[in-house]
Amino acid sequence: MERLDAFMARANAAYYANHDPYADFATAPEISQAFGEVLGLWAAVVWQSMGSPRPVILAEAGPGRGTLMADALRAVTRMVPDFAGALRLHLVETSPRLRAIQAERLPDATWHDAIETLPEGPLLLIANEFLDALPIRQFVRRGAGWTERFVVNGAFVEQSVDGPQLEAAEGEVVEIAEVGQSIVAKLASRIASQGGSALFVDYGPTESAPGDSLQALRSGQPADPLATPGSADLTAHVDFQVLAGVARAAGAVVYGPIPQGVLLTGLGLVTRTGALARSLPPARASAMLRTATRLIEPDQMGRLFKAMALCHPGLPPPPGFAA
Ligand code: SAH
């Protein structure tokens, strides 16, 4: 018998160690190079608002194939060379397989198993679809109390536990992402004391909502999350409202969550995509323009995905979040 968070951690570690996740799902940086470019420029502008400290740590959590960061570095090298010269690149990645792919594109990076070993000092951290891969616990309201979900032979069993201090309807599932909360608390507290900002882009509602959001994708298709651990990518919705509270309690100022489409439009992704399209033959130009639609339109990724930034209290609102 394994508690759900332990099962999910084990299943995803096996999955990311042995699979090319991009056979199973497409993430924003893999859809358009403009995504990483505008986020790189976001980091450069925040760096300037910090007084352009050098050196500065530029970090990414869960960099996947390294595409976002490679696009970001190309853009800042061209547009904000001072920032490119000041930054020290650090990647937080647990999968040896993905580290090897990242090293081909980002040879100057330093790798970490966890955020705790990032060097001290001002930090700019970006994480796209990182929090949703972290393990969750699930509690089920039963009568006046709670049970917790454990996994046995590919099925859930429930055990009575002291559950969360929350109201819920009979049978309702409530998820708690302890690992994600702990990472956000640590980042917020170091940003509050050492300076900088962290930008999270992920899938989840603006306000906390009960419900079972655990899902699995295998070869691009929804699959049973509990069957054959390690063969499918397991994710859960990110509870931005809870994470924002955790970050504030640790001393950071929180901006968002706002829809991904609002952030990307504010950062000029449509303009950048148009510029890229102009140099392409017509068929490829229209394909390029469709990538911006996919990332921004509310009925595609533009509303389901949210962006939230944690900042040192002395900083102005970061680009894309200003009122
Ligand atoms: N940001 C990338 C990849 C998203 S997939 C993109 O947008 O394409 C999730 C990434 O987080 C993978 O790189 C995976 O190996 C990594 N990851 C998952 N759990 C992790 C953990 N606990 N610590 C560090 N990295 C983790």
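Is Gln 48 buried, partly exposed or exposed? Gln 48 is partly exposed, because its relative accessible area of 43% falls between the limits of 20% and 50%. The model is predicted.

**Ligand site**
- The shell around the ligand holds 17 residues, and the closest are Tyr 22, Thr 27, Gly 62, Glu 93 and Asn 128.
- By residue class, this shell consists of eight nonpolar, six polar and three charged residues.

- The side chain of Thr 27 places an N or O atom 2.5 Å from an oxygen atom of the ligand.
- Glu 93 has a polar side-chain atom 2.5 Å from a ligand oxygen atom.
- At Asn 128 the backbone takes part: one of its polar atoms is 2.7 Å from a nitrogen atom of the ligand.
- The protein buries 91% of the 570 Å² that the ligand exposes when taken alone.

**Gln 48**
- Gln 48 belongs to helix α3, which spans residues 33–49.
- Val 80 is 32 residues away from Gln 48 along the chain, and the C-alpha atoms of the two are 9.8 Å apart.

**Backbone: cis peptide bonds**
- Most peptide bonds are trans.
- The bond from Arg 54 to Pro 55 is cis, and its omega is near 0°.
- Pro 55 is in the loop that runs between α3 and β2, the latter covering 56–61.
- The bond from Gly 256 to Pro 257 is also cis, with omega near 5°.
- Pro 257 is placed in strand β14, residues 253–259.

**Backbone: positive phi**
- Most residues other than glycine have a negative phi.
- Ser 52, which is not a glycine, has a positive phi of about 50°.
- The loop between α3 and β2 contains Ser 52, and this loop also contains Pro 55.
- Ser 52 counts as partly exposed because its relative accessible area is 28%, between 20% and 50%.
- Glu 129 is not a glycine either, and its phi is positive, near 50°.
- Glu 129 sits in the loop between β5 (123–128) and β6 (137–142).
- Glu 129 has a relative accessible area of 18%, which is under 20%, so Glu 129 counts as buried.

Technical notes:
Residues are numbered from 1 along each chain as its sequence is written. This is a predicted model: local features need pLDDT of at least 70, side-chain atom pairs count only at pLDDT 80 or more; totals for chains, interfaces and linings use all residues. Side-chain values use heavy atoms; hydrogens and water are left out. A residue is near a molecule or strand if one of its heavy atoms lies within 4 Å of it. A polar contact is a pair of N or O atoms within 3.5 Å; within protein, one must be able to donate a hydrogen and the other to accept it, and residues adjacent in sequence count only if both atoms are side-chain atoms. Accessible areas come from the Shrake-Rupley method with a 1.4 Å probe; for residues, only the protein chains shown count as cover. Ala, Val, Leu, Ile, Met, Phe, Trp, Tyr, Cys and Pro count as nonpolar, Asp, Glu, Lys and Arg as charged, and the others, Gly among them, as polar. Helices (H or I, at least four residues) and strands (E, at least two) are DSSP runs, numbered from the N terminus. Buried means under 20% relative accessible area, exposed over 50%, partly exposed in between (1.4 Å probe, protein chains only).
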